Amino acid sequence: MYALKRELKLNKKERSLMRGMAGFKRFVYNYALDLITASWDFDGVKLGDSKRLDAIKKVFTQVTMNKSEYAWTKKYPSTVYQSAFQDLKNAFSRWRRGLGEFPVKKSKKKGDSFTVYKTSGIYPKKGNPAIPFTNRVVINQGKNIVLPGIKTFRLKEGIDFICSAQTFTVSRTADRWFVSFVLDVEKVPPVIHPIEKMGVDLGVKTLATCSDGTTYAMPITTKIAKTKLQLLQWRNRNKVLGNKKLKIRASKNAHKFYAKVAKKHARIANIRQDTTQNMTTDLSRKAYIIRIEDLNVQGMIANSKLADAVSNNCFYEIRRQLTYKQSFYGTKVELVDRWYPSSKQCCKCHHVQPMNLSQRVFHCQSCGHLQCRDENASINLKDAPSNQVRLAQP
Ligand SMILES: [Zn+2]
C-alpha cells in the first residue's frame, strides 16, 4: 500500500464547499452519537452498536433529511454521511475492545476533514465481459483530480503517473486543504533509474550532497518564518486564551493570535515537508541504490547544540521517506555503518586522516586530492564496502 497526499488549489467558492462538507460530516457524526447514547436510556431493545447505528442511519436518511430545515444536507454526496456513520462504528468498536476512549463529539477546533469514495462500479453486462468491474477512480497524470461525487479540483503539485484509488480523504491544516488517498502498488509502472548507485551525505548546512555532484539546500524561508514566529510569540507573551476556572472568556484578540501562531507553525512544517518530500522523490527517481549514513539520531538530539540543526534538517524524516518510497520507486535504500569513516577518508586513495567539523574542504595528506568535504563523504558512502552496509527496513 502506498498513500499519496497533495495540497489542493482552491478558490473561494471551493473553500466554502469543502468547509460545508466537513461541517456536514461533523453534523452527522454528532447527530448519530447523540441518538445512540440517548437510545440506551429508554429502549429495552437489545441491539449491538453497529445495528443500532444502521437504524439511526435509516431515520436520518428517511426522516431528518426530508425535513425542510435540513434540505441543505442533500447538496452533498451521500458518501460523506456514509463515512461519518462508518467512522462512528469504528470508534465504538475500538472503545468496546478497549483500544480507544469513548467517542466524543467532533468540534471545529480539531480541524476539518471528510471522506468521499466511489460507490458503485460498472458491472460486466452479459455478453460484454470486456468491461471489468471497477470501483476505483482513475487518476491521470497532471494537476487535476476528480473527487467522486463532487467535481474536479486542481492540485498544487501534480501527480506524475497514472494511478487509481477508491477512497479520498480531504483535510484542512490551518488554512490549507489536502487530499490523501491510497494506491495499489501493483498498478504502478516500473521505474528506470538513470543512476545505479548513489551516496547521499546529509548535512547541517546543505540538506543533502550527492555523489553525482548535485546538492539540495534547505530553503532560507524556514529560518525567516521561524524568526517571525518567535517575534510574534514574544510580543504576545502575556496573552492567555481565557480561564475556565475564573470564568474569563477568551478575548477576540487572543483567538486571533492563537490562529496566527497555528498558521505560522503549519507553514514551517509545510516548508520542511515540501522540501524533504521533493528531495526524496527526486532521489528515488534518479538512483536505484541510495546509500545514506546510518546516523544515531537519538544520540544527536540528546546533544542540545546540534538538536535544532538535526530536527531542522530532519535526517530521520528523510530516511523514513526514502525507505517507504522503496516499494513505490523500486529503489534500495542502504545504510552505511556509522563508524565507517566517510568524511575522514580520501575518496581517491582511501587514506584516512582526522577531520574536525569546521574543516569544509578535504585536503588529502597522502595524495594531495582536494575536494569539498560533503562531496568527498558522499562518494565514500557510494563506494563503501558491502560489509559496512545494511538494507534499510521500512
Ligand atoms: Zn588521497
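Colleague: Before we start, what does buried mean here?

Modeller: Buried means under 20% relative accessible area. This is a predicted model, and 40% of the chain's 394 residues count as buried.

Colleague: Thanks! How many helices and strands does the chain have?

Modeller: There are ten helices and 16 strands.

Colleague: And which residues have the most contacts inside the largest nonpolar core?

Modeller: That core has 46 residues, and the ones with the most contacts inside it are Leu8, Met18, Ile145, Phe168, Val179, Phe181 and Leu183. Helix α1 supplies the largest share of this core, ten residues.

Colleague: Let's pick Phe168. What is it in contact with, leaving aside neighbours within four places in sequence?

Modeller: Phe168 is in contact with several residues, including Phe114, Val116, Val137, Ile139, Val179 and Phe181. Thr115 and Ser180 are also among its contacts.

Colleague: Switching to helix packing: at what angle do α1 and α3 cross?

Modeller: Roughly 45 degrees, with the axes of α1 (residues 12-42) and α3 (residues 78-96) coming within 9 Å. The two helices are therefore oblique to each other.

Colleague: Is that crossing left-handed or right-handed?

Modeller: α1 passes α3 in a right-handed crossing. Among the residues making the contact are Phe24, Val28 and Trp40 of α1, and Tyr81, Leu88 and Trp95 of α3.

Colleague: How does the contact of α1 with α3 split by class?

Modeller: It has 16 nonpolar, three charged and no polar residues.

Methods. Residues are numbered from 1 along each chain as its sequence is written. This is a predicted model: local features need pLDDT of at least 70, side-chain atom pairs count only at pLDDT 80 or more; totals for chains, interfaces and linings use all residues. Side-chain values use heavy atoms; hydrogens and water are left out. Axes are lines fitted to C-alpha atoms, for helices over the stretch in contact, and angles run from 0 to 180 degrees between N-to-C directions. Helices (H or I, at least four residues) and strands (E, at least two) are DSSP runs, numbered from the N terminus. Angles under 35 degrees count as roughly parallel, over 145 as roughly antiparallel, 65 to 115 as roughly perpendicular and the rest as oblique. A crossing is left-handed if the near helix is turned anticlockwise from the far one by less than a right angle, and right-handed if clockwise. Contact means heavy atoms within 4.5 Å. Ala, Val, Leu, Ile, Met, Phe, Trp, Tyr, Cys and Pro count as nonpolar, Asp, Glu, Lys and Arg as charged, and the others, Gly among them, as polar. A nonpolar core is a set of buried Ala, Val, Leu, Ile, Met, Phe, Trp, Tyr and Cys residues joined through side-chain atoms within 4.5 Å. Buried means under 20% relative accessible area, exposed over 50%, partly exposed in between (1.4 Å probe, protein chains only).
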